[in-house]
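Please look through the model below.

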Amino acid sequence: MSIVYGDFSFSTPEEIKHGYVIGNIAKDIGLDISILSYRKARVDWNGNRKKYVEIDPTTANLITSQRIDRESLCGKKASCILKMDLVLENPLELQHVTIQIMDVNDNTPQFKSDTIELDIRESAEKGTRFSIEEARDADIGQNSVQRYNLQKNEHFSLAVDNNQVDLVLEGRLDREKQKEMSIILTALDGGSPQRSGTVVIHVTVLDANDNAPVFSQAVYRTNLLENSPLDIVVITVSATDADEGINGQLTYDFGNVLEEDEKIFSINHKTGEIRLIGEPDFEEVNSFELGIKAKDGLGLTSYSKVIVDIIDLNDNSPMILIKSLTNPIPENIPDGTEVGIVNVQDRDSEKNGQVQCSIPQDVPFKLIPSIKNYFSLVTAGHLDREIVRDYNVTITATDGGSPPRSTSKLVLLSVADINDNPPAFQEQSYTAIMTENNKPGSSLSSVEARDPDWRQNGTVTYSILPGNVNGAPVSSYFSVSGDTGVIHAVRSFDYEQFRSFKVYVMARDNGSPPLSSNVTVSVSITDVNDNTPQILYPAPEGNSFMTELVPKAAQGGSLVSKVIAVDGDSGQNAWLSYHIIKSTDPGLFVIGLHSGEIRTKRDITESDNTKQNLVIAVKDNGQPTLSATCAVHLLFSDNLADVSELKETYSEVNGSKLTSYLIIALVSVSTFFITFIVVVLGVRFCRRRKPRLLFDGAVTIPGAYLSPHCAELDGTGTVRSMCNYDTYLTTGSRTSDFKFAHSYNDCTLPADHTLKKVSADFTEAFQDNEEICEVGLLHI
């Protein structure tokens with residue numbers, strides 16, 4: 001961003017219509033219209049002045065926005081200039097624009113009144129001059145009053161010298177011949193078309209009045225403070241008349257003055273004191289020119305001029321105008337970048353209008369003077385929205401008056417967020433503990449990351465980084481909620497397969513470009529008692545025949561065998577304990593609780609059974625406790641031949657059991673086959689005997705099959721007795737089984753002798769009153 005200063009001048013005549021094209025901004029600056037629109041080209045006016053021109057955004061033409069009257073803007077000033085600033089943004093650019101208002105002949109010369117009264121003594125000598133109040137024209141230059149014409153007459157001529165208009169007497173007057181006369185005086189300007197104004201000079205011829213009033217000064221000049229109190233005497237004018245009596249009595253009055261001036265000043269007609277009755281403003285008019293006339297009692301008049309210069313006082317406070325402002329300001333903006341243009345104005349003059357501008361030092365901004373009363377607001381430090389979001393910058397403007405006057409303006413500057421902060425996790429790493437055999441979808445843990453940026457730059461989403469766990473993608477084990485950061489288990493875990501692993505979670509914001517950070521989640525699987533102890537020795541029964549040989553002379557405490565078992569769990573779930581739950585001789589052996597060693601509890605005697613069978617239970621320490629059992633066969637013998645005999649006996653027992661199983665299976669198969677043959681033969685026999693007993697969907701019940709307790713009433717075929725039957729049929733089969741199971745009330749057999757199935761619920765409802773008619777199962 002930069003700032004450029006330049007000057008462009010235009011000229012336009014006054015009194016032009018609205019929308020008049022003064023010039024084209026795009027051509028003068030050398031920029032395309034679309035660029036001007038993008039850069040928000042606009043015109044800023046100094047102070048509170050009306051906005052007379054504007055920029056047409058479609059054509060970039062500088063056009064008038066209202067009527068421009070040069071006389072109301074600049075009065076009688078020779079040059080009338082409108083000053084404004086052309087402001088462009090992106091980057092900031094300031095151009096000074098001046099418009100010269102050209103005068104047009106739109107005002108007619110005017111005299112103060114339509115008639116000028118002159119009283120002239122008949123004794124007046126030839127060549128005597130009589131001052132005539134000049135005409136005023138609001139226009140300037142060639143368009144103002146250029147000459148006067150006097151109506152032809154035999155008594156007077158006209159003399160004009162430096163805007164002083166005098167009526168010159170060409171010969172003596174004779175009151176007896178002509179007491180009064182009227183002469184027309186015309187004032188003409190030099191404009192095109194030419195305009196003119198007239199006044200009638202009415203001359204009254206009087207008796208001798210030799211002397212006209214004479215002012216003490218041809219021009220009076222004085223100074224007046226602009227805040228002077230009302231009714232103060234500004235100046236006193238005086239004139240003298242050499243005549244005596246009524247001829248020497250003078251009266252004072254304003255000559256041809258502006259109507260606005262008569263609202264500021266008044267004149268005492270007798271004393272000539274000019275007093276202040278209004279409030280002059282140096283910033284509006286810094287000098288007044290008043291025409292004064294003195295007239296004696298018989299009508300002789302003299303003219304003078306009073307010039308009142310207004311002295312400026314420091315009565316205006318500075319004005320602060322923000323011409324352009326970048327708001328909000330990106331937080332990554334470089335130091336020294338311009339973010340605004342400030343214009344300060346003071347309507348006072350000289351030192352009173354010299355303004356200094358400042359801002360507090362505790363904000364990362366500063367004001368740099370540029371040209372005239374313009375200041376650049378630039379950054380003076382690093383901006384960080386996460387620390388300070390808004391700055392209230394107070395701009396203070398102080399003038400050089402005595403005492404000085406100052407004005408303050410508060411400017412709110414907001415800092416726009418930039419995605420300059422990655423999400424930050426609340427912890428450097430996370431630890432999650434999950435019990436094995438968990439349900440898929442259960443919550444494992446949660447991570448949280450915060451991003452101090454704003455809106456989408458601070459919105460965090462979570463995801464699991466790709467990786468492998470035991471050769472499988474980590475996504476097959478875990479998932480994370482993108483919004484909440486809650487980690488879920490996708491599958492059930494087995495502590496015996498893997499006990500711990502690491503998952504990497506990424507938190508990413510939605511900025512452009514996005515920023516991210518990662519965190520490690522260490523997952524530990526805790527053991528559950530889900531594995532039964534496995535007995536390694538002795539081998540499970542049925543796989544092999546194992547017998548421990550114990551010497552007959554074994555003493556108490558001798559080690560005779562040992563049970564060895566393991567548990568797939570860990571910790572206390574794998575702590576095993578051994579217990580004898582069944583033995584041939586309960587008091588003969590004892591087993592170590594944690595070692596599994598089987599020892600004799602006492603000495604072996606001849607009376608002890610030589611064959612001892614022990615059932616050992618192995619229990620873990622989990623909750624609930626899981627256990628396994630095994631059998632231990634012991635033989636008291638000092639000879640290995642006894643072991644062979646015992647093995648043969650074991651083989652015979654197992655062989656006899658197998659033979660029994662085979663015999664039972666053969667008998668069962670034979671019985672089933674014979675039954676099947678009998679059923680088939682019976683079905684064929686019934687078909688030949690009653691071929692139409694069954695048909696699709698119904699069974700015809702012959703009358704001979706009805707119970708003797710059932711009777712047909714009124715020939716309707718309705719069974720009203722206690723013997724109604726529930727049947728079970730297979731629809732569409734001619735070989736279906738059916739059964740009259742139970743009889744129950746309120747069920748009828750239609751007249752077509754077709755029995756239909758009725759809901760079995762009625763059987764239970766009327767079971768107490770029904771007559772059970774067991775018919776049995778009929779196989780056809």
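Is E15 buried, partly exposed or exposed? With a relative accessible area of 30%, E15 is partly exposed; here buried means under 20% relative accessible area, exposed means over 50%, and partly exposed is in between, for a 1.4 Å probe and protein chains only. The model is a predicted one, in which local features need pLDDT of at least 70 and side-chain atom pairs count only at pLDDT 80 or more, while totals for chains, interfaces and linings use all residues. Residues are numbered from 1 along each chain as its sequence is written, and side-chain values use heavy atoms, with hydrogens and water left out.

E15 sits in the loop between strand 1 (5-13) and strand 2 (21-24). Strands are DSSP runs of E with at least two residues, helices are runs of H or I with at least four residues, and both are numbered from the N terminus. The phi of E15 is near 60°, a positive value in a residue other than glycine. N437 is not a glycine either, and its phi is positive at about 65°. N437 belongs to the loop between strand 33 (429-435) and strand 34 (443-446), and its relative accessibility of 42% makes it partly exposed.

The bond from N327 to P328 is cis, with omega near 5°, and P328 is located in the loop between strand 24 (319-325) and strand 25 (329-330). The bond from Y537 to P538 is also cis, with omega near 0°. P538 is part of the loop between strand 43 (534-537) and strand 44 (547-550).

Now the sheets. Strands of a sheet pair through backbone hydrogen bonds, either parallel or antiparallel. Two strands are taken as paired if DSSP finds at least two bridges between them. I184 stands opposite V200 in strand 14.

A further open sheet has 3 strands in the order 45-49-48, and its pairing is antiparallel. Strand 45 (559-562) and strand 48 (589-591) are at the edges with a single partner strand each, so one side of each has no neighbour in the sheet. Neighbouring strands here are turned by 25° against each other on average, direction ignored. Strand 48 pairs with strand 49 (residues 597-600) in the antiparallel sense over 3 bridges, and I591 stands opposite I598 in strand 49.

Turn to the cysteines. A disulfide is a covalent bond between the sulfur atoms of two cysteines. With the criterion that the two sulfur atoms lie within 2.5 Å, a search of the whole structure finds 1 disulfide. C74 and C80 form it, with their sulfur atoms 1.9 Å apart. The torsion about the S-S bond of C74 and C80 is about 65°, so this disulfide is right-handed. C74 is buried at 14% relative accessibility, and C80 is buried at 0%. C357, at 12%, counts as buried, and so does C630, with a relative accessible area of 9%.

How many aromatic pairs are there? The count is 13, where rings of Phe, Tyr and Trp (its six-membered ring) pair if their centres lie within 6.5 Å, and planes under 30 degrees apart count as stacked, over 60 as edge-to-face and the rest as tilted. The ring centres of Y477 and F498 are 5.6 Å apart and the planes stand at 80°, so this pair is edge-to-face. Y477 is in the loop between strand 38 (472-473) and strand 39 (478-480), and F498 is in the loop between strand 40 (486-489) and strand 41 (500-509), so the pair ties together parts 21 residues apart in sequence. Y477 and F498 are both buried. F493 and F501 form a tilted pair, 5.8 Å centre to centre with 35° between the planes, and both are buried. Ring pairs link Y477, F478, F493, F498 and F501 into a cluster.

S500 lies in strand 41 and is exposed, with a relative accessible area of 51%. Leaving aside neighbours within four places in sequence, S500 is in contact (heavy atoms within 4.5 Å) with V523 and S524. The C-alpha atoms of S500 and M434 are separated by 9.8 Å, and the two residues are 66 residues apart along the chain.

Technical notes. Axes are lines fitted to C-alpha atoms, for helices over the stretch in contact, and angles run from 0 to 180 degrees between N-to-C directions.
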